[in-house]
Amino acid sequence: MDNMTLIAVASIVTAGLTIALGSVGPALGEGRAVATALSSLAQQPDAATTITRTLFVGLAMIESIAIYCFVVSMILIFANPFWNHVIAQTAGK
Amino acid sequence: MRLSPDGMIFWQHGFVKLNATIVFTWGLMFVLAIGSKLITRKLSVDLKRSRWQNLLEIVVATIEKQIKDVGLSHPEKYLGFLGTLFLFIALSNFCTIFPGYEPPTSSLSTTTALALSVFLAVPLFGIGEQGLGGYLKSYAEPTLLMLPFNIISELSRTLALAVRLFGNMMSGVMIIGILLTITPFIFPIVMTVLGLLTGMVQAYIFFILAAVYIAAATRVRKAKPEPPPQT
């Protein structure tokens with residue numbers, strides 16, 4: 001396999017694996033967070049606004065991990081520096 | 001496929017580029033500034049007031065209450081900075097309703113600039129509240145051993161602010177773009193609604209996180225408890 005094919009295969013496989021594995025952790029974490037929030041809402045409905053606000057802030061922090069994986073995957077597909085370099089080389093030849 | 005509105009260049013002269021991010025940012029600035037100027041031209045303090053003034057009062061009072069809930073005791077000092085953050089990001093994410101508009105927050109340059117402004121504002125507010133020595137001492141807060149970790153956490157949460165907002169907005173724009181080429185009828189509209197929801201949530205998250213960081217920096221350190229009086 002020459003350089004170009006190798007870079008393409010590595011980028012595509014890594015992009016898929018990144019987003020696939022990277023969304024497992026945050027999804028599990030968010031599920032636990034919402035479950036705990038629901039049970040504490042059932043125990044203390046008066047604190048509903050505080051619990052809801054803290055829940056959303058916590059969900060956003062957990063979500064950012066999945067967003068990081070998504071950004072890496074997008075970079076690998078659409079703004080890949082190694083691919084651009086190799087394309088520039090073959091275009092220059 | 002374009003990754004951000006930085007790619008749409010309207011005009012170029014040397015290395016100065018007028019791209020879509022700048023144009024949309026200036027458009028949002030004009031809407032916010034001129035809209036507020038027009039509404040606040042004739043403010044009335046009695047019960048009869050225009051509905052636009054009511055709207056602005058609701059917005060400002062809600063933001064002030066949120067700032068106070070986070071733990072900042074004098075919200076009017078921070079209302080300008082935090083309120084502007086929230087209103088700019090919220091309006092920028094809300095205007096995705098209009099066709100042909102791309103939110104400037106879907107470009108890493110805008111979100112990095114906003115995160116850098118928070119990174120600079122937190123020490124400024126902290127020093128204003130506690131003095132230079134008091135604020136610098138807070139970096140060695142539990143023990144001096146935590147000094148590098150505190151600095152690293154400052155840098156990493158700035159990076160996280162920027163990438164979180166960028167990732168959320170960019171993914172929304174890209175999903176809609178991809179769906180428009182696959183199923184261009186109903187599904188992109190559903191995804192646009194989801195993008196609106198996440199946009200509003202992300203604006204609120206950015207604002208609340210900035211408020212929490214400022215509250216952590218301006219927290220008055222508890223004075224050492226006095227020894228009990230000798231009887």
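Leaving aside residues up to four places away in sequence, B:Leu82 touches B:Ile67, B:Phe207, B:Ala210 and B:Ala211, a contact being counted when the C-beta atoms of two residues, placed from the backbone, lie within 7 Å. The C-alpha atom of B:Leu82 is separated by 9.1 Å from that of B:Val118, which is 36 residues apart from B:Leu82 along the chain.

## Packing of α4(B) and α5(B)

Two packed helices are described by the angle between their axes and the distance between the axes. Helix α4 (residues 108–137) of chain B packs with helix α5 (residues 147–182) of chain B at an angle of about 150°, the axes being 8 Å apart; the axes are lines fitted to C-alpha atoms, for helices over the stretch in contact, and angles run from 0 to 180 degrees between N-to-C directions. The crossing of α4(B) and α5(B) is right-handed, the left-handed case being that in which the near helix is turned anticlockwise from the far one by less than a right angle, and the right-handed case that in which it is turned clockwise.

Among the residues that make this contact are B:Leu108, B:Val118 and B:Phe119 of α4(B), together with B:Leu161, B:Leu165 and B:Phe166 of α5(B). The contact of α4(B) with α5(B) comprises nine nonpolar residues, three polar ones and no charged ones, with Ala, Val, Leu, Ile, Met, Phe, Trp, Tyr, Cys and Pro counted as nonpolar, Asp, Glu, Lys and Arg as charged, and the others, Gly among them, as polar.

## The hairpin of chain B

Strand β1 (residues 9–13) of chain B lies largely in the open, because zero of its five residues are buried. β1(B) pairs in the antiparallel sense with strand β2 (residues 16–19) of chain B over four bridges, where pairing requires that DSSP find at least two bridges between the strands.

Within this pairing, B:Ile9 stands opposite B:Asn19, and B:His13 stands opposite B:Val16. Two residues lie between the strands of the hairpin, and B:Gly14 takes a positive phi near 70° there.

## Chain B as a whole

Chain B contains six helices and two strands, which follow the pattern β-β-α-α-α-α-α-α along the sequence. Its C-alpha atoms fill a box of roughly 85 × 55 × 40 Å along the principal axes, and buried residues account for 26% of the 231 residues in chain B.

## Chain A and the interface

The contact between the chains takes eleven residues from chain A and eleven residues from chain B. On the side of chain A that touches chain B, ten residues are nonpolar, one is polar and none is charged.

## Conventions

Residues are numbered from 1 along each chain as its sequence is written, while chains are lettered from A and ligands numbered from 1 in the order in which they are written. Because this is a predicted model, local features need pLDDT of at least 70 and side-chain atom pairs count only at pLDDT 80 or more, whereas totals for chains, interfaces and linings use all residues.

Definitions and conventions
A residue is buried if 20 or more other C-beta atoms lie within 10 Å of its own, exposed if 12 or fewer, and partly exposed in between; C-beta atoms are placed from the backbone.
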